[in-house]
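Please examine the sequence and the structure shown below. The paragraphs that follow lead through the fold, its core and one of its helices.

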Amino acid sequence: MTALEWGAGRSQIFAMRSEIEDALKKGSPVSVIYREFVAAGKFKGSQSTFAKQVSKIKKALKSAEDTPVQRPEQLFPDQKPQSDKPALPGTFSHSALPSSDDTDW
């Protein structure tokens with residue numbers, strides 16, 4: 001096998017990322033994915049380069065699966081939802097900015 005230019009293997013893997021992700025989601029081992037891509041002529045780099053780059057893809061997939069979807073009240077626990085209760089005495093219940101019908105000039 002001839003040596004690739006620096007970064008070429010990484011570029012090839014980036015171009016095939018969705019195919020690699022699909023194979024990983026199906027449970028295929030990295031070595032099998034590598035052999036299939038080499039046999040199909042899709043990847044020309046070393047297995048160690050392939051494994052190193054695919055480990056980054058696996059890590060990204062795992063973190064995406066582990067990240068729960070959060071509701072707004074979980075993201076901003078200090079902010080209370082707007083209430084229908086009247087404003088407290090001594091506070092403003094209107095905007096300090098004039099509206100279009102407030103201007104007499």
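Two residues are in contact when they have heavy atoms within 4.5 Å of each other. This is a predicted model, in which local features need pLDDT of at least 70 and side-chain atom pairs count only at pLDDT 80 or more, while totals for chains, interfaces and linings use all residues. Residues are numbered from 1 along each chain as its sequence is written, and side-chain values use heavy atoms, with hydrogens and water left out.

The chain contains five helices and zero strands; helices (H or I, at least four residues) and strands (E, at least two) are DSSP runs, numbered from the N terminus.

Of the 105 residues in the chain, 17% are buried, where buried means under 20% relative accessible area, exposed over 50%, and partly exposed in between (1.4 Å probe, protein chains only). A nonpolar core is a set of buried Ala, Val, Leu, Ile, Met, Phe, Trp, Tyr and Cys residues joined through side-chain atoms within 4.5 Å. The largest such core has 13 residues, of which Ile20, Leu24, Phe37, Phe43 and Phe50 touch the most other members. Helices H2 (17-25), H3 (30-39) and H4 (47-66) each give two or more residues to this core, and H4 supplies the largest share, four residues. Leaving aside residues up to four places away in sequence, Phe50 touches Ile13, Ile20, Val30, Ile33, Tyr34, Phe37 and Phe43.

Which residues of H3 are buried? They are Ile33, Tyr34 and Phe37. On the other side of H3, Arg35 and Ala39 are exposed. Just after H3, Gly41 adopts a positive phi of about 80°.
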